[in-house]
Amino acid sequence: AVFALASSGRAADYTWNSANAGTWDDTTANGWNTGGAYPNATNDAATFSQSIGANTTITLNVADATAGTLTLADTTPGSGWVLSGASPLTLNASSGTAILNIGGAGTVQNTHLISAPIVSTNGLDIQVGPGGRLGLSGDNSAATGGMTITGGGNGYVRFDSAASLGGPASPVTVENGSVAVIGFSDLSSTDLARFAASDGLLAFYSNVLSYVGDPWNASAYSPAANIDLTGFNESFRIGAAALPLSGSMPTLSGTFTPPSDTFRFGGGGGALVVNAPLADGGGARRVEIYGPERVGTDPSIVALSAANTYTGATDVVDGVLRIAGTNGSIQNTSAVNVGTGTVLQLDAGLKVFGWGQESGPQVGNNNDRVGDATPVNLTHATLNFFGNPDTGTTETVGALNLLAGLNPLDVRWQTGNVWYGSSLIYQDRGTSGTGAAVLTAASLNLTSGAQLWLRGVNVGVAGDSASRVMLNSSPTMVGGAGGG
């Protein structure tokens with residue numbers, strides 16, 4: 001144990017002495033090992049850092065549980081500390097904000113939970129280490145000084161209720177590279193406004209919450225309809241956390257107003273549906289799809305499922321962008337730019353591993369998702385065109401420009417299993433339909449060093465049960481091409 005007596009004007013440092021559960025006022029060798037003192041003063045430092053190996057509960061049983069710095073860490077992956085009880089946990093520093101350190105075990109996460117109510121009047125700086133996760137599920141309405149989330153490295157801070165966000169209208173600031181996860185439905189516009197000063201990612205959870213990892217389940221959490229980000233930081237964006245094996249996905253519905261001229265989505269390693277039509281404002285607006293902040297190891301997927309009318313460019317910076325379902329389209333976008341390692345997918349709403357509302361027949365078909373003259377620019381990126389075999393699917397785009405690297409073009413009238421890294425993300429639904437999938441481009445242009453890898457199911461075969469790529473003019477082969 002580490003224990004330093006407080007001197008004039010200085011508080012004490014306490015370290016929990018075992019890997020066992022206990023109560024906050026336990027001063028025996030099982031607890032703080034002080035023989036009488038426990039953290040109960042502003043500026044006290046309380047540290048829980050053991051190889052606990054299982055979720056371990058510390059019960060707050062006293063009214064004066066207080067610290068200026070609290071550290072929750074576990075050197076064994078997959079477990080965490082749980083601070084519970086009806087008594088409050090007061091986190092205050094006499095100068096500046098209190099600090100809550102959330103440690104992890106690197107790439108394999110530790111998830112800690114504080115269900116006890118938090119009291120904090122001067123602000124709380126939550127510093128997330130690599131692999132560290134924190135769930136807040138208590139009534140934190142007495143935390144009136146606001147919260148700031150810094151750090152990340154595959155970690156996050158998860159809020160399990162509106163009350164866990166802190167006192168009424170108190171800000172929650174997510175710094176660049178950090179992640180806040182919303183684990184409850186219908187985040188109100190008032191509570192969303194708490195995040196207005198954030199530069200980081202707000203991700204909506206896809207599964208039932210647990211402080212023991214994140215089990216797969218059918219629940220998803222979505223914000224209330226009609227999102228207005230006017231006055232928010234330009235770099236703030238919305239994503240989804242965890243790719244579910246079953247059930248629905250977080251969905252943005254109603255209207256959506258960005259901070260300025262750019263809609264930013266993606267990140268969190270989950271699947272987000274944007275069913276809000278994205279339109280221009282006073283001028284042209286553009287769409288940007290981002291990562292890579294991930295709660296898990298799955299790719300970040302964003303599906304645009306509405307008939308969008310914005311006229312600026314569409315940039316896929318990281319992850320997967322799907323234009324899908326019956327209405328999903330971006331007909332007026334000026335260009336689609338698909339960056340290194342990313343995926344653009346046009347599909348009818350195929351059976352998707354983890355996307356429960358699409359686990360049966362295709363949800364629809366659309367033969368005009370992208371404008372006939374809209375250029376599609378690939379830079380070491382993948383373009384998937386997956387048709388609806390029950391109806392047949394056609395699509396016409398403008399110039400198909402390959403700017404650098406190897407660029408797979410996957411055309412399927414019927415999908416087989418499709419993998420993204422180690423994740424199975426699309427599964428053949430076993431339809432009996434035989435409709436062809438036909439993608440037509442105005443031209444194909446390869447710059448020096450760029451390559452095309454054409455692949456798919458029954459590519460080039462005439463008639464039904466086939467996949468075809470058509471060009472309205474002869475290709476410009478400066479780089480190279482391949483087929484398979």
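Visitor: Which side chain does Arg286 meet in a salt bridge?

Guide: This is a predicted model, in which local features need pLDDT of at least 70 and side-chain atom pairs count only at pLDDT 80 or more, while totals for chains, interfaces and linings use all residues. Residues are numbered from 1 along each chain as its sequence is written, and side-chain values use heavy atoms, with hydrogens and water left out. A salt bridge here is a side-chain nitrogen of Lys or Arg within 4 Å of a carboxyl oxygen of Asp or Glu. At 2.2 Å from N to O, the partner of Arg286 is Asp315.

Visitor: How many residues apart are Arg286 and Asp315 in the chain?

Guide: Strands are DSSP runs of E with at least two residues, numbered from the N terminus. Arg286 belongs to strand β26, whereas Asp315 sits in strand β28 (residues 314–316), so that the pair links distant parts of the chain, 29 residues apart.

Visitor: Is Asp315 buried or exposed?

Guide: Buried means under 20% relative accessible area and exposed means over 50%, with partly exposed in between, using a 1.4 Å probe and protein chains only. Arg286, at 27% relative accessibility, counts as partly exposed. Asp315 has a relative accessible area of 12%, and therefore it is buried.

Visitor: Which residue forms a salt bridge with Arg264 at 3.3 Å?

Guide: Arg264 also meets the side chain of Glu234 in a salt bridge, at 2.5 Å from N to O. For the pair asked about, the closest N and O atoms are 3.3 Å apart, and the residue paired with Arg264 is Glu288.

Visitor: Which residues do salt bridges that share partners join into one network?

Guide: By the rule used here, the count comes to 9 salt bridges. Those that share partners build one network, and its residues are Glu234, Arg264, Arg286, Glu288 and Asp315.

Visitor: Which residues touch the most other members of the largest nonpolar core?

Guide: A nonpolar core is a set of buried Ala, Val, Leu, Ile, Met, Phe, Trp, Tyr and Cys residues joined through side-chain atoms within 4.5 Å. The largest one has 93 residues, and those touching the most other members are Trp24 and Leu70.

Visitor: Which strand gives the most to this core?

Guide: The strand in question spans residues 437–446 and gives 5 residues to the core. It is strand β38.

Note on methods
Helices (H or I, at least four residues) and strands (E, at least two) are DSSP runs, numbered from the N terminus.
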